[in-house]
Amino acid sequence: MNFLTIGHRGVMGIEPENTLRSFVAAEHAGLDVIELDLHLSKDGALVVMHDADVDRTTDGTGPIAEKTLAELRALDAGRGERVPVFEEVLDAVKCPLQAEIKDEAAARALSEVMHSRDLVARVEVSSFHDEAIAEIARLVPGVRTALIASRYGTDIVDRAVEAGARTVCLNIRRLTLEIVEHARKADLRIIGWVVNTQDHLRLVRALALDGATTDYPEIKRTGRFTA
């Protein structure tokens, strides 16, 4: 597979993260995949936001799980953008998506959308949580999954294999050649995050990773020239 550049929450380095504006900008910049985060609203909508509460990225306060979709829609998610639902993202952009889920409840809700819209080929599901990965794999046969880790050792490979993940998405600041070699022996793809500098991009290339998650579209343009 060719080297992938993955837009982190769209292009969150230049646009409000996890908004339609950010996702459209990522697609226009030519990023190969768009990464986004999913939570369930109080009334069961799959809303696109990273944190469990709305405080950091909107003008509201409080947990997403305690707000209805209508209440979330009333918030400003940056530059006048509204909090999108997953289905809106599917319609707004055409490129492949990597959808991060936080728990098994989100996995169940996502599975319904994936079945109804035949998304197995388009959407890879990622999570920090092994149980969520196993649950989406059970509910959506053939789904591609990725296990994410920030602090990890070679055990992340064993966890990924046990959960049935095909990819590991790993914090580039902790990645070692030993872990890369262990992952390769297990036939796992490796994505490095977050890759925002030329030094990190050179490291990604030196370790022969399969891709990089980035906040900035410039990584797509410069990646092909980085030795």
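## Backbone exceptions

Valine 194 sits in the loop between β8 (189-193) and α8 (198-206). In this predicted model, the peptide bond that joins tryptophan 193 to valine 194 is cis, with an omega of about -20 degrees. Most residues other than glycine have a negative phi, and most peptide bonds are trans.

Arginine 9 is not a glycine, yet its phi is positive, at about 55 degrees. Arginine 9 belongs to the loop between β1 (4-8) and α1 (20-28).

## Packing of α4 and α5

Two packed helices are described by the angle between their axes and the distance between the axes. For helix α4 (residues 104-117) and helix α5 (residues 130-139), the angle is about 30 degrees and the axes are 9 Å apart. Angles under 35 degrees count as roughly parallel, and α4 and α5 are therefore roughly parallel to each other. Their crossing is right-handed.

On the α4 side, the contact involves Glu104, Ala107, Arg108, Leu110, Ser111 and His115. These meet Glu131, Ala132, Glu135, Ile136 and Leu139 of α5. Sorted by class, the contact of α4 with α5 has five nonpolar, two polar and four charged residues.

## Packing of α6 and α7

Helix α6 (residues 155-163) packs with helix α7 (residues 177-185) at an angle of about 25 degrees, and the two axes lie 9 Å apart. With that angle, α6 and α7 are therefore roughly parallel to each other. The crossing of α6 and α7 is right-handed.

Helix α6 brings Ile156, Val157 and Asp158 to the contact, while α7 brings Ile179, His182 and Ala183. Four of the residues in the contact of α6 with α7 are nonpolar, one is polar and one is charged.

## The largest pocket

Rolling a probe the size of a water molecule over the atoms shows where empty space is left. The largest pocket has a volume of about 190 Å³. Its lining consists of 13 residues, and those nearest the centre of the pocket are His8, Glu35, Glu100, Ile148 and Trp193. Trp193 is also one partner in the cis peptide bond with valine 194.

Strands β2 (33-40) and β4 (97-101) each contribute at least two residues to the lining of the largest pocket. By class, this lining has five nonpolar, four polar and four charged residues.

## The cavity

The structure has one cavity of 30 Å³ or more. The volume of the largest cavity is about 60 Å³.

Residues lining the largest cavity include Glu17, Asn18 and Thr19, together with Val48, Met49 and His50. Thr57, Thr58, Ala77, Val83 and Pro84 also line the largest cavity. Its lining divides into five nonpolar residues, five polar residues and one charged residue.

Technical notes:
Residues numbered from 1 in each chain as written. Predicted model: local features only at pLDDT ≥ 70, side-chain atom pairs only at ≥ 80, totals over all residues. Heavy atoms only, no water. Axes fitted to C-alpha atoms, helices over the stretch in contact; angles between N-to-C directions. Helix = DSSP H or I, 4+ residues; strand = E, 2+ residues; numbered from the N terminus. Parallel < 35°, antiparallel > 145°, perpendicular 65-115°, else oblique. Left-handed = near helix turned anticlockwise from the far one by under 90°. Contact = heavy atoms within 4.5 Å. Nonpolar A, V, L, I, M, F, W, Y, C, P; charged D, E, K, R; others polar. 1 Å grid on protein atoms, 1.4 Å probe; cavity = no way out; pocket = protein on both sides within 12 Å on 5 of 7 lines; lining within 4 Å. Points joined across faces, edges and corners; volume = space filled by probe spheres on them.
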